[in-house]
Amino acid sequence: QVQLVESGGGLVQAGGSLRLSCAASGRTFSRYAMGWFRQAPGQERKFVARIDKSGGSTYYADSVEGRFTISRDNAKNTVTLQMNSLKTEDTAVYYCAGGFRELGPYDYWGQGTQVTVSS
């Protein structure tokens, strides 16, 4: 069992930056592919970014490509989402997820952290 805890959300103006972190419990973090998803009010949860178990491969949704960067530190059991040039449409609850399968579906989910981008 893995527990994931997100942090770093908050309120930021459009054009600004935020850095989300996800801390994982346990000793087997490097066995999990990790991803970030987001859910805006009234919408379904959507994929944002993913990173493979070693951190050598990443993939992004078109809507965030070039603005967001996902990374991981297997020694610290953390995965990070650096979000730059934020837009109002990035407003959502952001979820960290992890699983054994590189392309999902993911087995473990965090509780989410709110990101609000004001105009």
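Notes on a disulfide, a sheet and an aromatic cluster

Q: What hand does the link of Cys 22 and Cys 96 have?
A: The link is left-handed, with -80° about the S-S bond. This is a predicted model, and the S to S distance in it is 2.1 Å.

Q: How many disulfides are there in total?
A: The count is one.

Q: Where do the two cysteines sit, and how far apart in the chain?
A: Cys 22 is in strand E3 (residues 18–24) and Cys 96 is in strand E9 (residues 92–99). They are 74 residues apart, so the pair links distant parts of the chain.

Q: Is that Cys 22 buried or exposed?
A: Cys 22 counts as buried because its relative accessibility is 0%, against a cut-off of under 20%. Cys 96 also counts as buried, at 0%.

Q: Switching to the sheet: what's the strand order?
A: The order is E1-E3-E8-E7, in an open sheet of four strands with antiparallel pairing.

Q: Which strands stand at the edges?
A: Strand E1 (4–7) and strand E7 (68–73) do. Each has a single partner strand, so one side of each lacks a neighbour in the sheet.

Q: And how much are neighbouring strands turned against each other?
A: By 15° on average, with direction ignored.

Q: How many bridges are there between E3 and E8?
A: Six, in the antiparallel sense, with E8 covering residues 78–83. Leu 20 has Leu 81 in E8 as its bridge partner. On the E1 side, E1 and E3 pair over four bridges, also antiparallel, and Val 5 stands opposite Ala 23 in E3.

Q: Which side chains of E1 point to which face?
A: Leu 4 and Glu 6 point to one face and are buried.

Q: Now the aromatics. How many pairs?
A: The structure holds seven aromatic pairs. In one of them, the rings of Phe 37 and Tyr 106 have centres 5.6 Å apart and planes at 80°, so this pair is edge-to-face.

Q: What parts does that pair tie together?
A: Phe 37 lies in strand E4 (residues 33–39), and Tyr 106 lies in the loop between E9 and strand E10 (108–109). The pair therefore ties together parts 69 residues apart in sequence. Both residues are buried.

Q: Which rings are linked into a cluster?
A: Ring pairs link Phe 37, Phe 47, Tyr 59, Tyr 106 and Trp 109.

Q: What lies over the face of Trp 109?
A: Arg 45, at 4.6 Å from the ring centre. Arg 72 lies over the face of Phe 29, at 4.5 Å from that ring centre.

Key
Residues numbered from 1 in each chain as written. Predicted model: local features only at pLDDT ≥ 70, side-chain atom pairs only at ≥ 80, totals over all residues. Heavy atoms only, no water. Disulfide = S-S within 2.5 Å. Buried < 20%, exposed > 50% of the residue type's maximum accessible area, 1.4 Å probe, protein only. Pairing = 2+ DSSP bridges. Axes fitted to C-alpha atoms, helices over the stretch in contact; angles between N-to-C directions. Phe/Tyr/Trp six-rings, centres within 6.5 Å; stacked < 30°, edge-to-face > 60°. Lys NZ or Arg CZ within 6 Å of the ring centre and 35° of its normal.
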